[in-house]
Amino acid sequence: MTASLSDIRRDLALANRLLSNEGVLDAFGHVSARHPENPERFLISVSLAPILVSEDDIVECTLDGRPVEPTERRLYSEGVIHSEIYRARPEVQAVCHHHAPKIMPFCISGEPLVPVSQLGAVIGTEAPFWDSQDEFGDTNLLLTRPEEGASLARALGPHWIVLMRRHGATVVARGVRELFFRTVHSAANAGFQMEAKLLGHVDALTPGEIERASQLRPDPIERHWSYGLARLP
Ligand code: MN
C-alpha cells in the first residue's frame with residue numbers, strides 16, 4: 001500500500017521532531033521524503049531547526065532543488081544532498097542528513113563504522129566515506145552545488161549510510177518511518193562501537209548476520225516509531 005501525500009507530509013513533519021528528540025538532529029540537519037505520486041519531486045522543510053518543523057513548513061521541490069510553488073522563505077543550503085540522492089537512487093523514499101554527536105568521531109577519524117549489534121545491522125555491509133577534498137579541494141564543507149550532491153550520491157552507491165569526512169552523515173531508506181529507524185540505530189551503533197572499543201576488542205557482525213539482521217520487517221519499524229512518538233515532550 002502506498003502512503004498518501006498527506007500521510008507523508010504528516011510523517012515527515014513528525015520525523016523532524018522525532019529525530020531531534022533522539023539527539024540525531026540539532027539546530028542543523030534535515031530530513032526529506034520523495035513525493036509519493038511524482039518521483040521527480042521531494043518534500044522538505046524550509047530552513048528551520050528541525051524540532052520547530054510543522055506540516056506548514058514543508059515545501060515540494062523538484063530534483064533541481066527548486067520549490068514548485070515560489071516561496072519567500074529560505075530553503076536549506078544543502079538541499080542538493082537530497083535531490084541528487086533521489087536522482088541516483090530510485091528506490092530511496094526518504095533521506096536524513098545529520099551531524100549527530102555519536103557519528104562525528106567516525107567522520108573525523110575515518111575509523112570504519114561497522115554493525116556491532118542486532119539493530120546496528122541497519123548500517124548494512126558497508127558505510128562508505130565521502131571526502132569533499134577528493135573532488136572539490138578546500139570548501140566551507142557544506143554541499144551547495146549539484147555536483148557536490150551527485151558526488152556524495154556516487155559515494156553512497158547502493159548503501160544506506162554515507163559518512164562525510166569532517167562533516168556528518170547521510171542516511172537513506174525506503175520510507176520515512178524506516179528512515180527514523182535506520183538513522184537512530186546507526187547512530188546508536190556508532191556509540192556502542194566506540195564505547196566497546198574503550199573496553200577492548202570489538203567484533204563486527206559477520207556478513208551473514210548483517211544480511212539476516214538487516215531484513216527490516218514493518219513491525220519493528222512501527223514499534224520504534226510509536227516508541228519515538230511516546231517519548232516526545
Ligand atoms: Mn551538513
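In this predicted model, Arg 34 has Phe 42 in S2 as its bridge partner, and strands S1 and S2 pair in the antiparallel sense over three bridges, where two strands count as paired if DSSP finds at least two bridges between them. Because the model is predicted, local features need pLDDT of at least 70 and side-chain atom pairs count only at pLDDT 80 or more, whereas totals for chains, interfaces and linings use all residues. Residues are numbered from 1 along each chain as its sequence is written, and side-chain values use heavy atoms, with hydrogens and water left out.

**The sheet**

- Strands of a sheet pair through backbone hydrogen bonds, either parallel or antiparallel.
- A hairpin joins S1 to S2 through six residues, and S2 runs antiparallel to S3, to which five bridges join it.
- Within this second pairing, Leu 43 has Glu 60 in S3 as its bridge partner.
- S2 is mostly covered, since four of its five residues are buried; here buried means under 20% relative accessible area, exposed means over 50%, and partly exposed lies in between, with a 1.4 Å probe and protein chains only.
- Seven strands form an open sheet of mixed pairing in the order S3-S2-S1-S4-S7-S6-S5, and its edge strands, S3 and strand S5 (129-130), each pair on one side only.
- Strand S6 (residues 161-164) pairs with strand S7 (residues 168-173) in the antiparallel sense over four bridges, and Met 164 stands opposite Gly 168 in S7.
- Helix H1 (residues 5-21) lies across strand S1 (30-34), strand S2 (41-45), S3 and S4, running at about 160° to S1; such angles run from 0 to 180 degrees between N-to-C directions, and the axes are lines fitted to C-alpha atoms, for helices over the stretch in contact.

**The manganese site**

- The manganese ion has as its protein donors Glu 78 (OE), His 97 (NE2), His 99 (NE2) and His 167 (NE2), which lie 2.1 to 2.3 Å from it.
- Donors are N, O and S atoms within 2.8 Å of the metal (3.2 Å for Na, K and Ca), and sites may look incomplete because water is not among the atoms.
- Along the chain, the donors follow the spacing E-x18-H-x1-H-x67-H.
- Glu 78, in the loop between strand S3 (58-62) and helix H2 (79-88), and His 97, in strand S4 (residues 94-98), are 19 residues apart and link distant parts of the chain.
- Glu 78 is buried, with a relative accessible area of 4%, and His 97 is buried at 0%.

**The cysteines**

- A disulfide, defined here as a pair of cysteine sulfur atoms within 2.5 Å, is found zero times in the structure.
- Cys 61 is buried, with a relative accessible area of 2%, and Cys 107 is buried, with 0%.

**The whole protein**

- The protein has eight helices and seven strands, which are DSSP runs numbered from the N terminus, helices (H or I) having at least four residues and strands (E) at least two.
- Of its 233 residues, 48% count as buried.
- Along its principal axes, the C-alpha trace spans about 55 × 45 × 30 Å.

How values were computed:
Contact = heavy atoms within 4.5 Å.
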